[in-house]
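Thanks for coming, everyone. I'll keep this short. Please have a look at the model on the screen.

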Amino acid sequence: MKALNKHTMIPALTALAFALGLSCSPRAIAAGADMECKLAYKLDGWSLVYKHATGSGTVTCANGKSMPVKIKAQALGLTAGKWQIDNGKGRFTDVHNINDVLGGYAQAEANAGIVKTGSAQVLTKGTVSLALAGTGEGVNLGVDIGRFELSKP
């Protein structure tokens, strides 16, 4: 076997770099990039120590894909009330594929509202985060910790 020297090593390294460059095309790099996705949702809920809310929404991503989702939230805490969020908005971070938004998110919330109510919180699921904001009607007061889940209908 012939020993590598600077005259044989440079062409070998150049060929290797060229081959690696072809495998990392802009399309392959773009596939790994974060994708902007948003959630529009409606949610109805009640709580008395145990909090339960259900709803529906649509996830829409910058690449033109969209997906209807079912929403379910459950939590425990010092909380009481009944409410609805009519025009909720959410924004995801660290999404690479629209299906990354599905699953259970950790949730902690403090809320207070009479007649006109509002909600704003940031939820996490691994590296994916979801910032929610919405307004609606109802009565609610409390602090709770639980789970917010997005699934296919």
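**The disulfide and its hairpin**

Let's start with one cysteine. Cys-61 is buried, with a relative accessible area of 5%. Keep in mind that this is a predicted model. "Buried" here means under 20%, so Cys-61 qualifies.

Which residue is joined to Cys-61? The partner is Cys-37, with a sulfur-to-sulfur distance of 2.0 Å. The cut-off for a disulfide is 2.5 Å, so this pair counts. The total by that rule is 1 disulfide.

Now the partner. Cys-37 is buried too, and its relative accessible area is 0%.

What about handedness? The torsion about the S-S bond of Cys-37 and Cys-61 is about 105°, so the disulfide is right-handed.

Next, the strands. Strand E1 covers residues 37–61. Strand E2 covers residues 66–93. How many bridges pair them? There are 22, and the pairing is antiparallel.

On to the turn. The hairpin of E1 and E2 has 4 residues between the strands. Look at Gly-64 there. Gly-64 takes a positive phi, near 95°.

Last stop, the surface. Which residues make the nonpolar patch? They are Leu-48, Val-49 and Leu-76. The patch comes to about 320 Å². Val-49 is found in strand E1.

To recap: E1 and E2 pair in the antiparallel sense, and a disulfide joins Cys-37 to Cys-61. Both cysteines are buried. That's my part. Over to you.

Notes
Residues numbered from 1 in each chain as written. Predicted model: local features only at pLDDT ≥ 70, side-chain atom pairs only at ≥ 80, totals over all residues. Heavy atoms only, no water. Pairing = 2+ DSSP bridges. Helix = DSSP H or I, 4+ residues; strand = E, 2+ residues; numbered from the N terminus. Buried < 20%, exposed > 50% of the residue type's maximum accessible area, 1.4 Å probe, protein only. Patch = residues over 30% accessible without salt bridge, like charges linked within 9 Å, V, L, I, M, F, W, Y side chains within 5 Å. Areas by Shrake-Rupley, 256 points an atom, 1.4 Å probe, with all protein chains shown as cover. Salt bridge = Lys/Arg side-chain N within 4 Å of Asp/Glu carboxyl O.
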